[in-house]
Amino acid sequence: FDSDSLFPVLKRRRFQEDGEEEDPSNMSVEELEKLLVHHQKRYTLSSLLTDAKVGSKIFRKERRNDFIYDNHPDGNYSRLFGTPLHFACMDEDGPRGQAKIEILLRRAKEVMIDTWIMLNAKTKSAVLQWDSSFKTLNEGDGNEPIYYLLRNEFSTSDAVRSICQAWPPIVHQLFRKQSTLYMACDFHWIRGERTDRLIARRLRMAKELLVAAKKTKEGARHLILLENFLNWSMRPNSPLSVVTHTLEEPHLFISTLLQECPDALLYCKSGHCCARATSPFHNVLRLNSLGIKSHAARIESLLAFLRHSTTEAIAFALLYVDIQSGEIAHIQQNPESGFALLQKALEHDEHSPTEAEMSEILHALTRFCDGDRNTVLHHSAMSTLELDPMHVAAEREKILRRRNILDDTGLDLNESEIEELHQAINKWREYKQKQLVDLFEWVQKKDDTAPTQPNKAKLTPLDILASRHHWTRGLKGIASLRPHWPMTKSDAYNIYPFMIAASVPCEPDLNTIYELLRFAPQCCKFVSSLLDGT
C-alpha cells in the first residue's frame, strides 16, 4: 500500500475508463475460493483476511483538462484498499455477496482468526494528486465491513445476520458517528427507487440488528436510543427520527422500534436537516417532501405511535414544541406542539380518520393507561412545562446571529439581549401552557369523564394539576373549562383543590390558592365556618 501500487497502474492505463478495470467487489464465489486456497498454501491467509491489501479499481476525480504531463493525466486519482470481506459487503449482487461473506467468516473460523479483528479491519484510501509539476500520495482511514454492507442498497438481511451472529457487539459500534441501526433506517443515501421490496429488506435488516443487540449486555434499547451525529448537524439523531423523516410509509419501522423501546419518544429528538429540532411524532404529523406525503400514511404512522408508546411518552410528544435554529431564519416557521399538529391531521378535509381509527385514537388519548393506571392526561398534568435546553440555545443563537456571530461558544449576552431572551422564553412557556389547556378542552369535548378518571393512587388529572401548576400557568384555563371543579373534593385526599395547592411539598403559590378559593364561593363559607369554630 504505497505509491508503487498506483503509479505503474496509471502508466499502463493512461485514459482508461473506470469501468474497464475489474472491481474486486464483482469477484465470483468460485474466484474467491480459489484465492483463499492460493493464500492458504502460501501461509498468507491470515494476512489476506485481516489486512487492507486488496486494491479496488482506480477512480478518477476532478479531471481538469485533457493534456498529459509526464505521460500522466492531470487530476486526482483514488484507490480503496480493503480485505476480501470489505469487497464482499460492497457486492451489488446481494445473494452473491452474502455467499462470499459466509465463506470468509467460515474460513476465518477454521484458521483460528479472531472475528473481532476481521470485522473491525478498516479500509484505506490512497489519493494520487497531479498538479502539472508535482505528485503526492495521501493516505486515510476508511470504514469497517458492516458499514459498506449497510450502505449497500443491494445487500441482504441474511448477510447482516451472518455478521451479527459472528460478533453481536458490533451492532453497538458507531461508524462515522452513526450506529448500525441508524444506517439501516436511513433512506437519504438510496440512489435508486425506494421500492416496497427494498423497504422490506431494510426492515428485516433492522430486525436482525435488534435481535443481535438483545444478545449483548447493552440490549436493544441502547441501540435504539444511541445518539447519531451527521456531518451537517451538531444535534443528535436517532433511528426513529430518521425513518420518520425520510420514508413515505414508516409505520412498520415505527412499530418494530417501539416494541423494543416503548418510551423512545421521551429521548428521540432530532436535529435532522434544516437545523430543526423535532420529535419523530412531529415528523409523521407534518407532511414534507422527503418523508410522509399522504394523509393515509400519516394516520397509519400516528396509530403505530399510539399503539406501542407508553402514556408518558405520548403526553411528552403532545406537549413538545419543535424549534428551529436561527441559521436558517429565512424559512422560519411558527413553533407547533405535537397536539397542534394532531388536531390538524384529524381535521383534514381530504383524509379524515375512519370511525374505527378515530375510536382507537380517542381510546389511546383518554382511556389507555400504564401499570399505575396513569393516562395521557395524568402525565400531561405532571408536565412542568419547562423548556427543553435546546429551545433556550436556539433563541440565544438567533439573538447572536443578528450581530453576525456564528460561533457563540463562551460568548455572553449583553443586558438588552438577556432581556430579549427572557421574553422569548416566556412566550415559549405561554404557548406550552395554552397547549395544555387546549388538550384538556379537546379531550373534555370527546370524553367528559376523562379528566376525572382516577389512577392507582386515586388521583385524577385535575388533582395533579392543582398540586403542580400555578394559577397563571394553566390552572386558570382549566378552571374556566370546568367551573364546578374548584368546588369538588378529591377522592384521594377528601379535600378541595385549593387545599391541594396549599399542601404541596415545595413553597405553595399564594396566588393559586387565593384564585382557587375565590373561584368556589362555597369553599369560602367552609373556611369561614372553620375560622369561626362553627
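**Helix packing and aromatic pairs in a predicted model**

The chain has 26 helices and 10 strands; these are DSSP runs numbered from the N terminus, with helices (H or I) of at least four residues and strands (E) of at least two. This is a predicted model, so to speak of local features a pLDDT of at least 70 is needed, side-chain atom pairs count only at pLDDT 80 or more, and totals for chains, interfaces and linings use all residues. Residues are numbered from 1 along each chain as its sequence is written, and side-chain values use heavy atoms, with hydrogens and water left out.

On to the chain as a whole. Of its 534 residues, 53% are buried, where buried means under 20% relative accessible area, exposed means over 50%, and partly exposed is in between (1.4 Å probe, protein chains only). Among contacts with a separation of 6 or more, 72% are between residues 24 or more positions apart.

Helix α10 (residues 196-214) packs against helix α13 (residues 251-260) at an angle of about 5°, and their axes are 10 Å apart. Axes here are lines fitted to C-alpha atoms, for helices over the stretch in contact, and the angles run from 0 to 180 degrees between N-to-C directions. The two helices are therefore roughly parallel to each other, given that angles under 35 degrees count as roughly parallel, over 145 as roughly antiparallel, 65 to 115 as roughly perpendicular and the rest as oblique. On the α10 side, Ile199, Arg202, Leu203, Ala206, Lys207, Leu210 and Lys214 take part, and they meet Leu252, Phe253, Thr256, Leu257 and Glu260 of α13. Sorted by class, this contact has seven nonpolar, one polar and four charged residues; Ala, Val, Leu, Ile, Met, Phe, Trp, Tyr, Cys and Pro count as nonpolar, Asp, Glu, Lys and Arg as charged, and the others, Gly among them, as polar.

Isoleucine 199 belongs to helix α10. Setting aside neighbours within four places in sequence, isoleucine 199 touches Phe187, Arg194, Leu247 and Phe253.

Helix α13 has another partner to look at. It packs with α15 at an angle of about 10°, with the axes 9 Å apart, so α13 and α15 are also roughly parallel to each other. In this case His251, Ile254, Ser255, Leu258 and Gln259 of α13 meet Glu300, Ser301, Ala304, Phe305 and His308 of α15. The classes come out as four nonpolar, five polar and one charged.

The structure also holds seven aromatic pairs. Rings of Phe, Tyr and Trp (its six-membered ring) pair if their centres lie within 6.5 Å; planes under 30 degrees apart count as stacked, over 60 as edge-to-face and the rest as tilted. One of the pairs joins tryptophan 116 and tryptophan 167 edge-to-face, at 6.4 Å centre to centre and 85° between the planes. Tryptophan 116 sits in helix α6 (residues 115-119) and tryptophan 167 in the loop between α8 (157-166) and β7 (174-175), so this pair links distant parts of the chain, 51 residues apart. Tryptophan 116 is partly exposed, at 42% relative accessible area. Phenylalanine 281 and phenylalanine 305 are edge-to-face too, at 5.8 Å and 65°. They come from helix α14 (residues 280-285) and helix α15 (residues 295-308), 24 residues apart. Phenylalanine 281 is buried at 1%, and phenylalanine 305 is buried at 0%.

Helix α17 (residues 338-346) is largely enclosed by the rest of the structure, because seven of its nine residues are buried. The cover over those buried residues includes α14, α15, α16 (311-319), α18 (355-366) and α21 (415-446). Finally, methionine 112 has a phi near 60°, a positive value in a residue other than glycine. Methionine 112 lies in the loop between α5 (94-110) and α6, and is exposed, with a relative accessible area of 74%.

Terms used
Contact = heavy atoms within 4.5 Å.
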